[in-house]
Amino acid sequence: LVTGTGMHTFFGKTARLVEEAVTVSHFQKAVVKIGNYLIVLALVLVAVILLVALFRHENMLEVVQFALVLTVAAIPVALPPVLSVTLAVGAVALAKQQAIVSKLVAIEEMAGMDILCADKTGTITKNELTLAEVPIDAAILARLSQETAASLQSYQLTAFQPFDPVSKRTAATVTDASGRSFQVSKGAPQVILDLVADKEAIRAQVGEAVDSLAARGFRAIGVARTDEGGAWQFLGLLPLYDPPREDSAQVIKTAQDMGVKVKMVTGDHAAIAKEIARRVNLDADIQPVSVFLDKPDREARRVVEEADGFAQVFPEHKYHIVELLQQQGHIVGMTGDGVNDAPALKKADVGVAVAGATDAAKSAADIVLTSPGLSVIVEAIKEARKIFQRMNNYAIYRITETLRVLFFIALSIIIFKFYPVTAVMIVLLALLNDAPILAIAYDRVRYSPEPERWNMRMVLTMATILGIYGVLESFLIFYLGERVFLLSRDLIQSFIFLKLAVAGHLTIFAARTRGPFWSIPPGALMFWAAVATKLLATLIVVYGWYVAPLGWKLAGFVWAYSLAGFLLMDAIKVASYKLLDHREVKFRR
């Protein structure tokens with residue numbers, strides 16, 4: 001380890017930034033909103049039922065017991081677990097894509113990510129210098145002739161200072177065959193230039209050479225040594241080239257087509273970054289990081305948002321870039337591999353530690369890649385968007401079911417003085433729902449071509465429309481059971497229970513698509529889980545397990561009624577989405 005004031009300051013600042021970079025995910029915010037909505041709704045309706053019962057002088061003990069069961073069934077205690085299971089299943093799928101998820105909520109964040117700040121070296125490029133392989137020393141030594149390499153055997157390394165990210169150079173003390181010692185150093189050209197006494201005389205020439213090399217995509221490394229008097233002499237520049245990965249251009253284009261803007265972030269010269277950007281389908285508006293550092297926050301946010309990338313970036317700059325983009329409402333991904341990248345990885349909505357990253361970077365990141373390049377990230381985005389679709393579909397279904405059951409039961413009690421289902425039936429409905437809703441994690445969906453966001457207004461509006469429809473549908477079958485089939489109250493309860501079970505599971509298939517239910521075939525596991533639980537509910541009412549026996553004829557009618565209602569509900573859903581989408585587009589304009 002390198003010690004010294006500079007390094008202590010660097011690591012101290014890094015640790016502080018990592019501690020400060022605490023974010024609350026959009027997923028967590030969405031779960032809280034959905035949960036609060038359903039909890040408040042359930043408590044309000046239960047309170048109304050209790051007040052009505054008190055006013056009517058009913059048996060309050062029985063009413064309270066029923067209200068408690070209804071409350072437990074209505075409050076979405078399963079919402080966080082179901083969504084977590086969906087994320088966990090998605091994490092397994094991402095692992096197969098060579099992306100290891102360390103924080104489950106990062107999957108949902110990746111689905112909504114609209115900006116990816118990508119390191120140039122090792123992510124967009126191969127991290128393979130044209131002189132040879134990494135590290136730089138191997139690249140230089142590999143180009144030496146055998147004769148020159150043999151002559152180096154007479155020199156002995158007596159001291160070595162590893163590369164310091166603060167001073168941006170490495171140095172060594174060397175002793176030749178005659179016993180004379182001298183120092184050598186290589187690093188950033190401007191840093192090496194500042195070591196020599198005649199720096200002002202050669203600064204323009206060195207700067208011109210660096211710019212010329214950078215314009216061709218070459219990274220310049222300055223080299224200097226001390227003379228017999230101990231004064232530093234500038235020996236020259238080593239041009240090193242890190243070519244883009246073969247798949248980078250196509251992968252970046254795919255990401256752009258998916259609505260993700262890729263911004264290059266690199267510590268290299270701006271000219272190098274522009275040349276690499278040109279070769280990989282990125283716009284060449286690569287700015288030096290200095291363009292926004294001294295600007296007011298509002299101006300800095302605008303500059304960072306509009307630029308295609310930044311060069312000559314330090315670790316704290318990466319953190320600031322992520323912070324400014326987040327303040328503009330973007331969901332930001334950041335790639336990195338070093339200790340100095342940890343703050344930015346922690347701060348980003350999706351911190352991605354690329355292949356070969358340090359333990360510090362992996363610990364700070366949300367997702368760790370096990371193969372190099374951007375292609376893994378793009379595949380992970382696709383998978384994350386599929387997972388988001390499943391979570392969004394479940395949220396709509398869960399809210400719809402709560403509205404449907406709560407309002408129907410509450411209104412039946414208030415208006416008709418009749419409990420349409422028993423407390424046991426409510427428990428059975430909750431249990432029968434478990435299998436298909438857990439299987440939603442394996443449902444077949446299509447990923448969106450645009451970044452996903454929780455549109456709570458759309459979710460709640462669509463769930464409310466489907467929920468109100470379900471309430472009307474339930475009251476109609478209540479009417480048919482009482483006035484047409486002339487059923488007893490016990491049989492009406494079994495009649496309604498089966499309808500709620502069958503129609504409820506059919507609602508899953510309507511809630512999972514924006515188009516007609518057949519537009520995306522459901523996953524096999526979810527389909528058969530729903531079918532099996534509906535058949536079980538049918539057997540329960542036909543043979544009278546815990547309920548009044550209904551018989552096959554009436555059970556068959558409930559199935560036919562529920563299927564017909566499902567087709568009408570699906571048509572209403574499709575029309576509602578078209579109307580809501582039209583209004584949203586008009587609103588944005």
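Below are questions and answers on a predicted protein model.

Residues are numbered from 1 along each chain as its sequence is written. In this predicted model, local features need pLDDT of at least 70 and side-chain atom pairs count only at pLDDT 80 or more, while totals for chains, interfaces and linings use all residues, and side-chain values use heavy atoms, with hydrogens and water left out.

User: How many helices and strands does the protein have?
Analyst: Helices (H or I, at least four residues) and strands (E, at least two) are DSSP runs, numbered from the N terminus. On that basis the protein has 23 helices and 13 strands.

User: What percentage of the residues in the protein is buried?
Analyst: Buried means under 20% relative accessible area, exposed means over 50%, and partly exposed lies in between (1.4 Å probe, protein chains only). The protein has 589 residues, and the buried part is 50%.

User: Among contacts between residues at least 6 apart in sequence, what percentage joins residues at least 24 apart?
Analyst: A contact means heavy atoms within 4.5 Å. Of the contacts between residues at least 6 apart, the part joining residues at least 24 apart is 70%.

User: In which order do the strands of the open five-stranded sheet stand?
Analyst: Strands of a sheet pair through backbone hydrogen bonds, either parallel or antiparallel. Two strands count as paired if DSSP finds at least two bridges between them. Here the pairing is antiparallel, and the order is β3-β4-β5-β6-β7.

User: Which strands stand at the edges of that sheet?
Analyst: An edge strand here has a single partner strand, so one side is left without a neighbour in the sheet. Neighbouring strands are turned by 15° against each other on average, direction ignored. The edge strands are β3 (156-164) and β7 (232-241).

User: Which residue in β5 is the bridge partner of Thr-173?
Analyst: Strand β4 (residues 169-175) pairs with strand β5 (residues 181-187) in the antiparallel sense, over seven bridges. The partner of Thr-173 in β5 is Gln-183.

User: What angle does the direction of helix α10 make with that of β7?
Analyst: Helix α10 (residues 199-215) packs on the sheet and touches β6 (218-226) and β7. Axes are lines fitted to C-alpha atoms, for helices over the stretch in contact, and angles run from 0 to 180 degrees between N-to-C directions. The angle with β7 is about 10°.

User: How far apart in space are Thr-125 and Glu-246, C-alpha to C-alpha?
Analyst: Thr-125 is found in the loop between α6 (120-124) and α7 (136-142). Thr-125 is buried, with a relative accessible area of 0%. Leaving aside neighbours within four places in sequence, its contacts include Asp-242, Pro-243 and Arg-245. Thr-125 and Glu-246 are 121 residues apart in sequence, and their distance in space is 8.6 Å.

User: Is Asp-366 buried or exposed?
Analyst: Lys-103 counts as partly exposed, at 27% relative accessibility. Asp-366 has 8% relative accessibility and therefore counts as buried.

User: In which helix do Glu-379 and Lys-382 lie?
Analyst: Glu-379 forms a salt bridge with Lys-382, with the closest N and O atoms 3.5 Å apart. Glu-379 is partly exposed at 31% relative accessible area, whereas Lys-382 is buried at 18%. The two are three residues apart, about one turn, and both lie in helix α18.

User: Which residues does Asn-392 touch, not counting residues up to four places away in sequence?
Analyst: Asn-392 is found in helix α18 (residues 375-416). Asn-392 is buried, with a relative accessible area of 15%. The residues touched are Trp-454 and Val-459.

User: Which residue forms a salt bridge with Arg-514?
Analyst: The N to O distance is 2.5 Å. Arg-514 is partly exposed, with a relative accessible area of 42%. The partner of Arg-514 is Asp-581.

Notes
Salt bridge = Lys/Arg side-chain N within 4 Å of Asp/Glu carboxyl O.
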